[in-house]
Amino acid sequence: MNAVVGIGSSPKRKEDARFVRGKGTYVADIKRPGMLAGVFLRSEHAHAKLNSIDVSKALAQPGVKAVYTGEDMKADNVGGLPVGWGITDKHGDPMKEPPHPPIAHDKVRYVGDAVAFVVADTIEQAQAAAEMIEVDYEVLPAVVGLVDALRPNAPQLYDEVENNLCADWELGNASAVDAAFQNAAHIASIELVNNRLIGNPLEPRAAIGEFEFASGRYTLWTTSQFPHVVRLLMGEMVLGIPQHKLRVVAPDVGGGFGVKQFHYAEEAVVTWAAGKLGRPVKWVAQRSEGFVSDAHGRDHVTEAELALDEDGKFLAMRVKTLANMGAYLSTFGPNIPTNLYAPLLSGVYQIPSIYCEVKCVFTNTVPVDAYRGAGRPEATFVVERLVDMAAREMGIDKIDIRKRNMIPKEAYPYQTPVIVEYDSGDPLGCLERSEELADVAGFEARRAESASRGKYRGLGISTYIEACGLAPSRLAGQLGARGGLYESATVRVHPSGAVTVLIGTHNHGQGHETTFAQIVSDRLGVPFEDIDIVFGDTDRVQFGMGTYGSRSLVVGGAALSQASDKVILKGRKIAAHQLEASLEDIVFEDGTFSVAGTDRKKSFQEIAGAAYVPFDFPLETLEPGLEEQSYYDPVNFTYPGGAHFAEVEIDPDTGIVTLERYTAVDDVGTIINPMIVEGQLHGGIVQGIGQALFEHGVYDQASGQLLSGSFMDYCMPRADNFPQLVIEPHSTTCTHTPMGVKGCGECGTIGSPAAIISAVVDALKPLGVAHVDMPASPNHIWNIIRNARTPVAAE
Ligand code: MCN
């Protein structure tokens, strides 16, 4: 295909040509001359003092080049891992931010905490030597549960952090909420747990450090979603390597889902070790190692209440959440359950007042940070479970209560009581279309048919809104971000008219090489095949913030759109010179510059060629070359939203929940590539259903051991767990992004858990069940049914 491919079409993904042929380049594929292999020895205890570490036997093993401990790094003045976002607690005090050494010294605080790093000629030699390290641990009592960690006599992770409390944070107007509750006709309340998740992207994490003596430059290859940020954090704050002496490359990355969005200890350790040894050092995580060293997600305990008037109109909401930080603060850890959670508690509803309190708590578990959706699925789950509960208690249909309280389309822009202002949306339009597609009208007949076979059937609903496109720097700064959140793009037009785009986002499955090429093809009229998208290498690409928070299109794509506009302007100047016309008379359309009202014209390719042959350019007013750059900082988040229906059938003999139907109608603004958006929604929905039905990171409460530390115990969803999903867009145009786009990468994960649990609870209605915590696994559901001891019967 050598044609212009515009916005709104669905060409095949450019990147798949190499992926389906096995020609991708992942960090684990990379071999550097003289490369050594590194292995981490990790703590087997959840909480222990490190009395001593004897590495002498390990050092004597064949092929071993070095064994490093936390003391070695400390002696070299290596800094702790930094936190990118600082929150302030409700008393105005900064959060407690204890040091996070890349390799533990003095104490270990979770099973998996790194204790030593062994470097050898081969991985097998490093593994064998790691087993020879003798660590004298003095085991301490551990605490892994949120409620337990706050009890007065709980084991303390840090001397300087009283009661394991990192921060006691709040948002909203407590007294307005109290007053509204006093006048309520009904108060619905719920206690719920948002289960801990372990990300497990297809490609485990990996890193290679290299040092070049001649230039004094370091290179880190890493499985990262944001290589420039790793360069900044690791170079400036951990290893003290000047930015121009450090290159970070994140080549093909096999999925991230948030898990690869942090600066991890292993990145710093391999880079530092490469400098010490003068040889490249590679580390690749084993899958089971990833379970105890990749940041985990979610893990909240929440109490929430909703005040309603006699007509079921919402008056106020009060939410108290305990959020697990794990043993150390990960890069964005404290930001997720606070700034990305509480501002979304208004959902798609008009709720006059909201108050939310979040206690961020340290426990002897793997650090917790962003995982696809990051704070927003947790908020949606609270709101939607509470709304279901209120409908049930007040005897109002659960679709009807939502319609009564939804923000009408005409009310946008809509200022919520929790900071954010939604610019656009049509939640009722999404709901009505979803209701139709899900055949809600036919549900009772399907329920009766299931009952005739001795099965429970339930219909669940979830409406949601998310704030994505992280973020306006101005707002992020007010909320404690320690860096800006703009994005950058360079459009380099070659003399042939072909284009190379250098962009600061990172593509690890989202199809950027395709959708960003579509934007350029559309804007510049350049054939799709003539456009390459380059990302993921700090030596090639100007500073960029990377990919997370569904920001790549709305922030990176916007920078690309702006840079393309600058190229057009420069092209018009060149065309004005070439065609001997004034700039104002030059129009650009369909890849052609022409003098308005005449047949004098030049193609984009001719102008690109002319830009590099400036024999007669008036050099004082027209520079040669055709390359433009833009940094774009959004004025607001974008607010995708939608309405999802799930229909499940439950077998009372086994407790197995079968998903029979799933319908999603989502508003993602202008769509660049419908196929990719559908794929993103598909993947997101399935990931959310994984949380609702299957996945659970479980710790043994006494020992702090991770019980779900492999795929034998951590249940990932599989293709045959799903019916064909019904997905349809219902878009409103974002009012402030250049193309009217909103993000889509996390929508599915945000909407689906609440829809599934709503359906499971609806199915178990005959048993009087009002709420079910996630995951609704067979064992969990079977126990609920047994305990209810009620025979299966239609209502
Ligand atoms: N898109 C579009 N039209 C829209 C919105 C988006 O065509 N209106 C396209 C974009 O151009 C892009 C894709 O859809 O090609 C996703 O765009 P966006 O919503 O901007 O999300 P990001 O690209 O920033 O991706 C991040 C998001 C997040 S936060 C997680 S986590 C996640 C996700 O995307 N991780 C993923 N999707 C993933 N998909 C894969 N395969 N692997 C991951 O690790």
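**Close-up views of a predicted model**

**View 1. Division of the protein chain into domains.** The protein chain is divided into domain 1 (31-140 + 205-284), domain 2 (296-470 + 636-786) and domain 3 (486-632), with bounds that come from an automatic or database domain assignment. This is a predicted model, in which local features need pLDDT of at least 70 and side-chain atom pairs count only at pLDDT 80 or more, while totals for chains, interfaces and linings use all residues. Residues are numbered from 1 along each chain as its sequence is written, and side-chain values use heavy atoms, with hydrogens and water left out.

**View 2. The contact between domain 1 and domain 3.** The C-alpha centres of domain 1 and domain 3 lie 40 Å apart. To the contact (heavy atoms within 4.5 Å), domain 1 contributes 19 residues and domain 3 contributes 15 residues. Between domain 1 and domain 3 about 1,400 Å² is buried, and carbon and sulfur atoms give 52% of this area; buried area is the accessible area (1.4 Å probe) that two parts lose on being put together, summed over both. On the domain 1 side, Q225, H228 and R247 lose the most area to domain 3, and together they make up 39% of what that side buries.

**View 3. The shell around the ligand.** There are 31 residues around the ligand, of which G256, Q510, H512, Q680 and C744 come nearest; a residue is counted as near if one of its heavy atoms lies within 4 Å. The shell divides into nine nonpolar, 18 polar and four charged residues, where Ala, Val, Leu, Ile, Met, Phe, Trp, Tyr, Cys and Pro count as nonpolar, Asp, Glu, Lys and Arg as charged, and the others, Gly among them, as polar. At least two residues of the shell come from each of α15 (512-524), α16 (552-578) and α18 (674-694), and α18 gives the most, with three residues. Helices (H or I, at least four residues) and strands (E, at least two) are DSSP runs, numbered from the N terminus.

View 4. A polar backbone atom of F257 is 2.9 Å from an oxygen atom of the ligand, and a backbone N or O atom of L553 lies 3.0 Å from an oxygen atom of the ligand. For V668, a backbone N or O atom lies 3.0 Å from a nitrogen atom of the ligand. The protein covers 95% of the 840 Å² of accessible area that the ligand has on its own, as given by the Shrake-Rupley method with a 1.4 Å probe.

**View 5. Backbone geometry in two loops.** The peptide bond joining Y412 and P413 is cis, with omega about 0°, and P413 is found in the loop between α11 (398-405) and β18 (414-415). N200, a residue other than glycine, has a positive phi near 55°, and N200 is found in the loop between β9 (197-198) and β10 (206-212).

Key
Polar contact = N/O pair within 3.5 Å; in protein donor to acceptor, adjacent residues only side chain to side chain.
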